[in-house]
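Dear colleague,

I am passing on the structure we spoke about, and below it you will find my notes on what turned up when I went through it. Please read them with the model open beside you.

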Amino acid sequence: MATALACLSLAADLPTSAAPTDPHFDGSDALAKLHFIYATMNAGKSTLLLQAAYNYQERGMRVATLISALDNRVGRGWIGSRIGLKAEADAFGPEDDLFAAIKADHEKSPLSCVFVDEAQFLTSEQVWQLSRVVDLLDLPVMAYGLRTDFRGELFPGSRGLLAIADELTEARSICHCGRKATMVVRLGADGKALKDGAQVMIGGNETYMSLCRRHWQAAFAAEECGVAAE
Ligand SMILES: [Zn+2]
């Protein structure tokens, strides 16, 4: 119970818990929840994750930090943030049973919260596994990830989390025009927006840029007309 409340209050962008005097308080804020903190790229999701995890550890509480691997490589991974923070994490692949792994870890030594980075790469089954961590182990799960890919399509993990998470929180970032960035473009070596290609590219030379929807569409339209994107 206390862990769920702590989890809520420690993440900067999350709503604060309702007080019992709040007429809308129904007791649900005292329960462990499945959170999805989503954004486009470079919104500081990993920074938020590392800060929230650190706040737990500072209080002597144990957390699990997991990172969804781009491929089947599992083992030790790193959660890194653009501002230089980083921490070791357990990397897992699409075949791993996260409920079984977290349950075994929790039984060995009690956990207070579970953090998942790159949650867009979760399979839909793994999203359900995380929901069972919340519902059966009474542990809050904080999943951080991208909402859509460079084509504006949902990732499998994002689709599952948007469907069943208890709490959805948007981590904001800004387009070059000042509007909220909700989209990402994949830029090729020539700096032009790419329209096609695999949802996940491993080891490619492409780069990404976060844009508002207006400029994202303009970048695609420019590519179609053969005009350089703004
Ligand atoms: Zn814009």
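**A covered strand and what surrounds it**

Leu34, Phe36 and Tyr38 point one way from β1, while His35, Ile37 and Ala39 point the other way, and all of them are buried. Please keep in mind that this is a predicted model. Strand β1 is mostly covered, with 6 of its 6 residues buried.

The pairing of β1 goes to two other strands. To β6 it is joined by 6 bridges, the two strands running parallel, and here phenylalanine 36 has alanine 143 of β6 as its bridge partner. To strand β7, which spans residues 167-170, β1 is joined by 4 bridges, again in a parallel arrangement, and in that case histidine 35 has glutamate 167 of β7 as its bridge partner.

For the chain as a whole, the model has 6 helices and 9 strands, and 35% of the 230 residues count as buried. Among the contacts between residues at least 6 apart in sequence, 72% join residues at least 24 apart.

**The cores**

Which residues touch the most other members of the largest nonpolar core? They are Val114, Phe115 and Val141, in a core that holds 43 residues. At least two residues of this core come from each of β1 (34-39), α2 (45-58), β2 (63-68), β4 (86-92), α3 (98-108), β5 (113-117), α4 (124-137) and β6 (141-146). If neighbours within four places in sequence are left aside, phenylalanine 115 is in contact with Leu49, Ala52, Ala53, Val63, Ala64, Thr65, Leu66 and Met142. There is also a second, separate core of 10 residues, among them Phe150, Ala181, Val184 and Trp216. As background, nonpolar side chains in soluble globular proteins tend to be buried together.

**Two packed helices**

Helices α3 and α4 pack at an angle of about 35°, and their axes are 8 Å apart. On the α3 side the contact involves Leu98, Phe99, Ile102, Lys103 and His106, which meet Gln126, Gln129, Leu130, Arg132, Val133 and Leu137 in α4. By type, the residues of this contact divide into 6 nonpolar, 3 polar and 2 charged.

Most residues other than glycine have a negative phi. Against that background, glutamate 118, although not a glycine, has a positive phi of about 55°, and its place is in the loop between β5 and α4. Is glutamate 118 buried or exposed? Glutamate 118 counts as buried, because it has 23 C-beta neighbours inside 10 Å, where 20 or more are needed.

Aspartate 138, which is likewise not a glycine, has a positive phi of about 60° and is found in the loop between α4 and β6. With 13 C-beta neighbours inside 10 Å, aspartate 138 counts as partly exposed.

Glycine 44, finally, sits in the loop between β1 and α2, and it is partly exposed, with 19 other C-beta atoms within 10 Å. Leaving aside neighbours within four places in sequence, glycine 44 is in contact with Ser81 and Ala171. Glycine 44 and alanine 171 are 127 residues apart in sequence, yet their C-alpha atoms are 7.4 Å apart in space.

With best wishes

Methods:
Residues numbered from 1 in each chain as written. Predicted model: local features only at pLDDT ≥ 70, side-chain atom pairs only at ≥ 80, totals over all residues. Core = buried A, V, L, I, M, F, W, Y, C linked by C-beta atoms within 7 Å. Buried ≥ 20, exposed ≤ 12 C-beta atoms within 10 Å, placed from the backbone. Contact = placed C-beta atoms within 7 Å. Pairing = 2+ DSSP bridges. Axes fitted to C-alpha atoms, helices over the stretch in contact; angles between N-to-C directions. Nonpolar A, V, L, I, M, F, W, Y, C, P; charged D, E, K, R; others polar.
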